[in-house]
Amino acid sequence: MADTASSSRYQLLGLYDSPFTRRVAITMTHYGIAFEHLSLSVFREMDAMRPLNPLFKVPMLTLADGEKLYESAYQLDYLDELAADRGLTPLTPRSGPLRRQVLQATALALVATEKAVAIAYEGQRPSELQWPDWRSRLRGQMRQALAMLEQQLAASGGAGGGFLVGERLTQADISTVVGIAFVRYVLPHEWPAGDYPTLEALAARLEASDAFIAVPINE
Ligand SMILES: N[C@@H](CCC(=O)N[C@@H](CS)C(=O)NCC(=O)O)C(=O)O
């Protein structure tokens, strides 16, 4: 892939309270790829978003030549390839057993995150149309995924400063921590404080790092 990043302008569309948008922004910051953040809400600013992205789904990453990339996983795949071309270590290894392990831990993070987002949407329905059993199911799935991540992180030395897979930061860590941040910010009553101490320690460590600080959840 041609490395045009240094001379180009990337645009990332979406608020950072979207965990999917935030993980892409943190990844770009981690790689040192400059971008313009188009901070528009898919719900409150539809008129402004329509000409940019009539799908009203974020994140959307626009490349220097105007090509638009949808779906955060594919945006991350593009960024990892760019990073590898630049001699950086990709946050998801490009091949081998470590790639599979990082993708699987990231999949758990996405289950937790997607179920949390679904709980938030359920809460926006008129109260007479809300379905408590469905919310309970979503909550159970979210907590199951978090418990599996907690177990994996504890087993890999997370309490002592380790990461979910191997000995360095990967996309699994970033996706997990942005999911946790989303729950705490948008659904604070849904975060079972103290149940996942190793995940909480990882979140505290990463949220204090430069790449996370540069991408605040309220922007
Ligand atoms: N799998 C998608 C999920 C993106 C997603 O669900 N984004 C939400 C914001 S958190 C959104 O755009 N919601 C508005 C909608 O889907 O109508 C990705 O990773 O890019």
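Start by selecting the shell around the ligand: its residues split into 6 nonpolar, 2 polar and 2 charged (Ala, Val, Leu, Ile, Met, Phe, Trp, Tyr, Cys and Pro count as nonpolar, Asp, Glu, Lys and Arg as charged, the others, Gly among them, as polar). This is a predicted model, where local features need pLDDT of at least 70, side-chain atom pairs count only at pLDDT 80 or more, and totals for chains, interfaces and linings use all residues. Residues are numbered from 1 along each chain as its sequence is written, and side-chain values use heavy atoms, with hydrogens and water left out.

To build that selection, pick Ser18, Phe20, Val42, Phe56, Lys57, Val58, Pro59, Glu71, Ser72 and Tyr121, which surround the ligand (a heavy atom within 4 Å of it).

Now show side chains and look for N or O pairs within 3.5 Å:

- Ser72: a side-chain N or O atom is 2.5 Å from a ligand oxygen.
- Glu71: a polar side-chain atom lies 2.6 Å from a ligand nitrogen.
- Lys57: a polar side-chain atom sits 3.4 Å from a ligand oxygen.

Finally, zoom out and colour domain 1 (5–85) and domain 2 (97–213), with bounds from an automatic or database assignment. Their C-alpha centres are 21 Å apart.

Key: Polar contact = N/O pair within 3.5 Å; in protein donor to acceptor, adjacent residues only side chain to side chain.
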